[in-house]
Amino acid sequence: ATDTLSISPSFYYQELHINDTAIYWPALSDPSSGVFRNGNHRANPSTDPFWIANIKAEWDAGVGQLTSNTSYYSRDQHSTSDYTQYLRASFINLNSYPSNPSIPGGYAPFEDSQSNFYQEFRLASKDVTSRLQWNVGLFYSHMRENVAEDIVDPTIDAEYTAAGLPYGSLCAGYLGVPCPGGVLYHGPVNRVVDKQIAAFGEATWKFTDTLKVTAGLRVSKVDYDGISVSSGAFTGAADAVPITANGSEKPITPKVVLSWQPDRDNLYYASASKGYRVGGVNVGVGSICDHDLQSIGFPLGSDGHVKVPGQYQSDSLWSYEIGGKNTFLDHRLQINSSLFTIDWKNIQQNVYLPTCGEQFVANLGKVRSHGGDIDVQYRVIEPLTVGLTVGYTDAKFSKSSCAGSLSFNGSKCVNEAAATFPTIVSEGDRLLGAPWTFLFTGEYTFATWRDRAPYVRADFQYSTAQTAKLPGQNVANGLNDVTIPGLPEIRNLNLRAGMRWSGIDLSVFANNLTDAHPQVFTSRDIGYPATLAPPLAPTGDYLYFARGVRPRTFGVTATYRY
């Protein structure tokens with residue numbers, strides 16, 4: 001706009017269409033023969049459009065460079081999930097495939113609408129030769145999201161009656177609430193509004209040309225307001241029942257970094273910083289979850305059902321890291337390395353309820369994560385570069401956790417009446433993640449031909465299996481499904497060959513060349529413990545589904561950089 005003011009508007013739009021879920025059912029599939037079958041009764045399509053509009057303005061204000069960033073994000077996703085097998089395993093003890101192809105089946109339409117506004121002002125120093133570099137700013141955000149869901153099954157009530165099960169009918173009988181038109185659940189509102197205003201600043205002071213310290217501080221005021229409204233036989237409530245939650249917090253998140261760069265080829269640093277995540281509101285779970293909730297200490301309400309906590313609180317962590325970036329052998333060898341420890345408290349985690357297949361969010365104790373990584377890049381000869389990246393992470397709970405207001409007495413959870421219940425999390429349980437990860441790379445560039453540079457490249461990824469137990473795999477905890485495995489060992493080989501010239505990179509590739517098919521995720525809708533005997537005495541759900549890595553894939557990639 002002027003010699004000192006520039007304005008950069010931008011707009012981004014994306015629309016993603018998915019015709020069906022990527023899961024497969026192991027009992028119906030043969031991955032070793034390239035056969036992946038989905039046993040769902042219906043497809044699970046999704047349409048997910050969103051757009052982002054932004055205006056960035058930069059102005060030389062004399063005392064510093066003033067930047068304004070204004071952004072708006074809008075998303076409106078629509079999807080449908082198949083609930084046919086889940087509902088029949090839950091209520092009719094049906095544990096077989098295929099289901100009757102003539103029935104419409106059960107399904108859940110979802111809508112996820114988001115509208116987020118962000119504004120940031122930042123003033124930064126301009127003199128790069130000064131010993132003091134600084135920036136200060138203000139930030140504001142207003143984020144709104146609503147996830148609406150219904151559960152519809154036009155024939156399940158009649159199927160329940162025809163099966164001759166107790167209570168005569170499913171809806172008006174067992175669940176106690178009619179389901180006209182097969183609408184078992186109606187949840188038009190599951191909305192959270194997050195508002196944040198923050199002031200931040202950061203300064204870097206150079207003690208010498210090689211030693212400097214950076215200190216930063218962010219002071220925020222965060223307000224969140226959530227409401228969930230639902231009704232229907234699934235929840236045991238004929239009329240809409242609102243669950244509300246709100247909170248206001250003032251997190252302060254500092255950071256400090258000390259770095260030493262004795263020369264242009266070596267840099268060493270140590271850092272400490274704090275992170276924060278806002279709390280939120282839980283969606284109510286179905287009345288069929290009462291058994292699970294009571295088993296871990298939640299009491300029955302006045303309506304004869306058990307309620308999950310209406311909200312969960314914020315969590316925070318401190319992260320400590322030391323590392324270095326070093327170059328040797330006349331820049332032919334580059335090594336980046338780091339070690340870290342993270343102390344995470346009041347951690348927000350999904351609590352899975354195995355006998356009903358639902359979940360809620362709770363604050364579960366403390367986690368300590370430690371590990372490190374090293375990345376080595378070596379140019380063996382001028383056209384050949386090889387690399388090795390190794391990472392290690394061990395993230396485990398350092399404290400056992402109980403449901404709601406129960407307290408841990410050393411081995412069990414205890415309520416005010418001195419009744420004991422099992423834990424949700426035990427000390428030593430792990431978070432999901434492969435302990436060791438490795439990446440081997442190699443690229444060879446051939447002699448230039450007519451200003452074109454042919455090349456070949458190989459990448460091999462390897463992750464060790466996770467043998468330590470997650471909370472849901474530990475029989476010492478009250479909510480578990482020991483049939484669900486942890487992360488498997490994963491191997492993945494990718495090859496690529498191409499040519500680069502004038503900013504163009506044209507290549508052919510083969511991903512997962514060995515056609516490996518590890519089950520990186522395995523689950524089932526209902527995980528009944530063997531000792532469970534609720535009113536319908538279900539036999540359990542053995543209809544497992546899984547996700548893997550994408551099978552062997554060949555393709556072509558074209559990239560142009562200008």
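The model is predicted: local features need pLDDT of at least 70, side-chain atom pairs count only at pLDDT 80 or more, and totals for chains, interfaces and linings use all residues. Residues are numbered from 1 along each chain as its sequence is written, and side-chain values use heavy atoms, with hydrogens and water left out.

Helices (H or I, at least four residues) and strands (E, at least two) are DSSP runs, numbered from the N terminus. Helix H1 covers residues 84–91, and eight of its eight residues are buried, so the helix is largely enclosed by the rest of the structure. Buried here means under 20% relative accessible area, whereas exposed means over 50% and partly exposed lies in between (1.4 Å probe, protein chains only). The buried residues of H1 include Tyr86, Leu87, Arg88 and Phe91. Contact means heavy atoms within 4.5 Å. The buried residues of H1 pack against several elements, among them strand S3 (65–82), strand S5 (132–152), helix H2 (156–162) and strand S16 (358–363). Just after H1, Asn93 adopts a positive phi of about 60°.

Two strands pair if DSSP finds at least two bridges between them. Strand S20 (residues 413–414) is joined to S21 by two bridges, and these strands run antiparallel. Within this arrangement, Cys413 stands opposite Phe421 in S21.

Ser400 lies in the loop between strand S18 (384–397) and strand S19 (407–408). Is this serine buried or exposed? Ser400 is buried, with a relative accessible area of 12%. The side chain of Ser400 reaches the backbone nitrogen of Glu427 at 2.9 Å. Not counting residues up to four places away in sequence, Ser400 touches Phe408, Thr423, Val425, Ser426 and Glu427.

Phe460 belongs to strand S23 (residues 453–463). Phe460 is partly exposed, with a relative accessible area of 28%. Leaving aside neighbours within four places in sequence, Phe460 is in contact with Phe438, Leu439, Phe440, Arg491, Asn492 and Leu493. Phe460 and Leu388 are 72 residues apart in sequence, and their C-alpha atoms are 9.8 Å apart in space.

Definitions and conventions
Polar contact = N/O pair within 3.5 Å; in protein donor to acceptor, adjacent residues only side chain to side chain.
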